[in-house]
Amino acid sequence: MASACTPACDADCFRKTIASEGFFGMYKGSAVNILLITPEKAIKLTANDYFRYHLASEEGKLSLPRAALAGGLAGLFQIVVTTPMELLKIQMQDAGRVASAARSAGREVKQFTAMDLTKKLLRERGILGLYKGVGATGVRDITFSMIYFPLMAIINDKGPRKADGSGEAVFYWSLMAGLVGGMTGAFLVTPLDVIKTRLQADSEKEFDGIVDCVQKTLKREGVTAFFKGGLCRIMVVAPLFGIAQMFYFLGVGEKILGMEQRKSV
């Protein structure tokens, strides 16, 4: 069985990436993230608000199962953007590793941009080529959203309120709610993220779908393989959702949808 993935593993990965690809190797695929992260978060947060609004009772109350359903539906909607974003990011990072290995061996490999990879995928597989791994991405994002949104809302409702009588949580409490919800959700869905990443990086067609990927990974590396990169995911996802949720609670969602803000419990 593979040894447990510890913070030391993540630190080793960091050191080796810096050594082989330089500091900017840490930012491979960042252009894709920057371009698509805004619409992805906009879809996710707005869709959750929309479904929470329509699933709530007339008194504005929302049961836990309905809150999870609203989050899951939001996660389903976001994969329209998430899947190609994740695929291109992983392909860019993989191309960087291949180029670095080639340079170490004294060979030169053409550097690909995100646009080059997009054109290549479209030419070889059509528009559906950008949605390789959509099933695994959907399972991860829907599960994450079913955990994150209800947990974040519960924590947010327990915190101190603004003094203006609006009933809204103070900004730092919304930030903390997003951080804790994002941290928890990110850790719990790490196995699903590992599966998704392996399927999208599978250029050799080693895996025949989600179940086959799970079976082969478990057989070769053991259970701990499903938590590789878990610490890094928490470090990225927690602040990302904390900050996004804090700004979103300024009322952007309600203004866009023309809704009056309702507290859900």
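Trainee: Which residues does R233 touch, not counting residues up to four places away in sequence?
Mentor: Contact means heavy atoms within 4.5 Å. Here R233 touches R140, A186, V189, T190, D193 and A238. Keep in mind that this is a predicted model, where local features need pLDDT of at least 70, side-chain atom pairs count only at pLDDT 80 or more, and totals for chains, interfaces and linings use all residues. Residues are numbered from 1 along each chain as its sequence is written, and side-chain values use heavy atoms, leaving out hydrogens and water.

Trainee: Is R233 buried or exposed?
Mentor: Buried means under 20% relative accessible area, exposed over 50%, and partly exposed in between (1.4 Å probe, protein chains only). R233 has 15% relative accessibility, so it counts as buried.

Trainee: With which side chain does the side chain of R233 make a polar contact?
Mentor: That would be D193, at 3.5 Å. A polar contact is a pair of N or O atoms within 3.5 Å; within protein, one must be able to donate a hydrogen and the other to accept it, and residues adjacent in sequence count only if both atoms are side-chain atoms.

Trainee: How many aromatic pairs does a search of the whole structure find?
Mentor: Rings of Phe, Tyr and Trp (its six-membered ring) pair if their centres lie within 6.5 Å; planes under 30 degrees apart are stacked, over 60 edge-to-face, the rest tilted. The search finds 8. Among them, Y50 and F51 are edge-to-face, 5.4 Å centre to centre with 80° between the planes. F51 is buried at 16% relative accessibility, while Y50 is partly exposed at 38%.
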